Each structure stands twice: as C-alpha cells, then as structure tokens.
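Visitor: I would like to learn how to read a structure like this one. Could we go through it step by step?

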Amino acid sequence: VVEPHGNIHSETIPFTRVNRVVEVRMAKIPTFYASFGDWFGWLCALVGGGALVLAPWRRSAKTS
C-alpha cells in the first residue's frame, strides 16, 4: 500500500494471495483545477475558437 505522498505503508510478497485492510489518509494536495477552476478550459476554448475564426482570413491574406 502506497500512501498519497509516496510513502510505502505496507508490502506483501509478490505472487501471493493476501487480504489486508489498511486505512489510508486522503491527500490534501492543491491541484491546478482546484486552484484556478474553469478559467483555463474557457481560455483554451476562446483561443481555439479565435484561431478557427482567423484561419480563413490569414489564408486569404497570404494569397493576396
């Protein structure tokens, strides 16, 4: 059993049948999404949408 921070709590011998109940604490590690929320996804959608809108304009500007 490996805890959320990488500490090995208990081990078993490989290829043996073992039942073990171990209490593991939940990690309180701040993730990018927990810190900043949906703004990153919306920013990606906005940039991607802007690229799609501007792509035909850039293509016609290069051929002129």
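**Reading the model**

Guide: Begin with Phe 15, which lies in the segment before α1. Keep in mind that the model is predicted.

Visitor: How many helices and strands does the protein have?

Guide: There are two helices and zero strands.

Visitor: Is Phe 15 buried or exposed?

Guide: The general idea is a cut-off: exposed means over 50% relative accessible area, and buried means under 20%. Phe 15 has 91% relative accessibility, so Phe 15 counts as exposed. Its backbone also deserves a look: Phe 15 is not a glycine, yet has a positive phi of about 65°.

Visitor: What about Thr 16?

Guide: Thr 16 is also found in the segment before α1. Its relative accessible area is 41%, so Thr 16 is partly exposed. The side chain of Thr 16 reaches a backbone atom, the oxygen of Ile 13, at 2.6 Å.

Visitor: How much of the protein is buried?

Guide: Of the 64 residues in the protein, buried residues make up 3%. The protein exposes about 6,400 Å², and carbon and sulfur atoms supply 64% of that area.

Visitor: Why does Ser 10 count as buried?

Guide: Apply the cut-off of under 20%. Ser 10 has 17% relative accessibility, and therefore counts as buried. The place of Ser 10 is in the segment before α1.

Visitor: Which residues is Ser 10 in contact with, leaving aside its neighbours within four places in sequence?

Guide: They are Val 1, Arg 20 and Val 22. With Arg 20 there is also a polar contact, side chain to side chain, at 3.5 Å.

Visitor: Why does Glu 3 count as buried?

Guide: The reasoning again uses the cut-off of under 20%. Glu 3 has a relative accessibility of 18%, so Glu 3 counts as buried. Glu 3 belongs to the segment before α1. With neighbours within four places in sequence left aside, Glu 3 is in contact with His 9, Val 24 and Arg 25.

Visitor: Where is Val 1 found, and what does it contact?

Guide: Val 1 sits in the segment before α1. Val 1 is partly exposed, because its relative accessible area is 40%. Leaving aside its neighbours within four places in sequence, Val 1 is in contact with several residues, including Asn 7, Ile 8 and His 9. Ser 10, Val 22 and Val 24 are also among those contacts.

Visitor: How far apart are Val 1 and Thr 12?

Guide: There are two ways to state it. In sequence, Val 1 and Thr 12 are 11 residues apart. In space, their C-alpha atoms are 8.9 Å apart.

Visitor: Now the surface. Which residues make the nonpolar surface patch?

Guide: The patch is made by Phe 32, Phe 36, Trp 39, Phe 40, Leu 43, Leu 46 and Val 47, and has an area of about 730 Å². Two or more residues come from each of α1 and α2 (39–63).

Visitor: Which element gives the largest share of the nonpolar patch?

Guide: That is α2, with five residues.

Visitor: Is Phe 32 exposed or partly exposed?

Guide: Phe 32 lies in helix α1. Its relative accessibility is 45%, so Phe 32 counts as partly exposed. Compare the cut-off for exposed, which is over 50%.

Visitor: Let me go back over the buried residues.

Guide: Take Ser 10, at 17% relative accessibility, and Glu 3, at 18%. Val 1 is in contact with Ser 10, and His 9 is in contact with both Val 1 and Glu 3.

How values were computed. Residues numbered from 1 in each chain as written. Predicted model: local features only at pLDDT ≥ 70, side-chain atom pairs only at ≥ 80, totals over all residues. Heavy atoms only, no water. Helix = DSSP H or I, 4+ residues; strand = E, 2+ residues; numbered from the N terminus. Buried < 20%, exposed > 50% of the residue type's maximum accessible area, 1.4 Å probe, protein only. Polar contact = N/O pair within 3.5 Å; in protein donor to acceptor, adjacent residues only side chain to side chain. Contact = heavy atoms within 4.5 Å. Patch = residues over 30% accessible without salt bridge, like charges linked within 9 Å, V, L, I, M, F, W, Y side chains within 5 Å. Areas by Shrake-Rupley, 256 points an atom, 1.4 Å probe, with all protein chains shown as cover. Salt bridge = Lys/Arg side-chain N within 4 Å of Asp/Glu carboxyl O.
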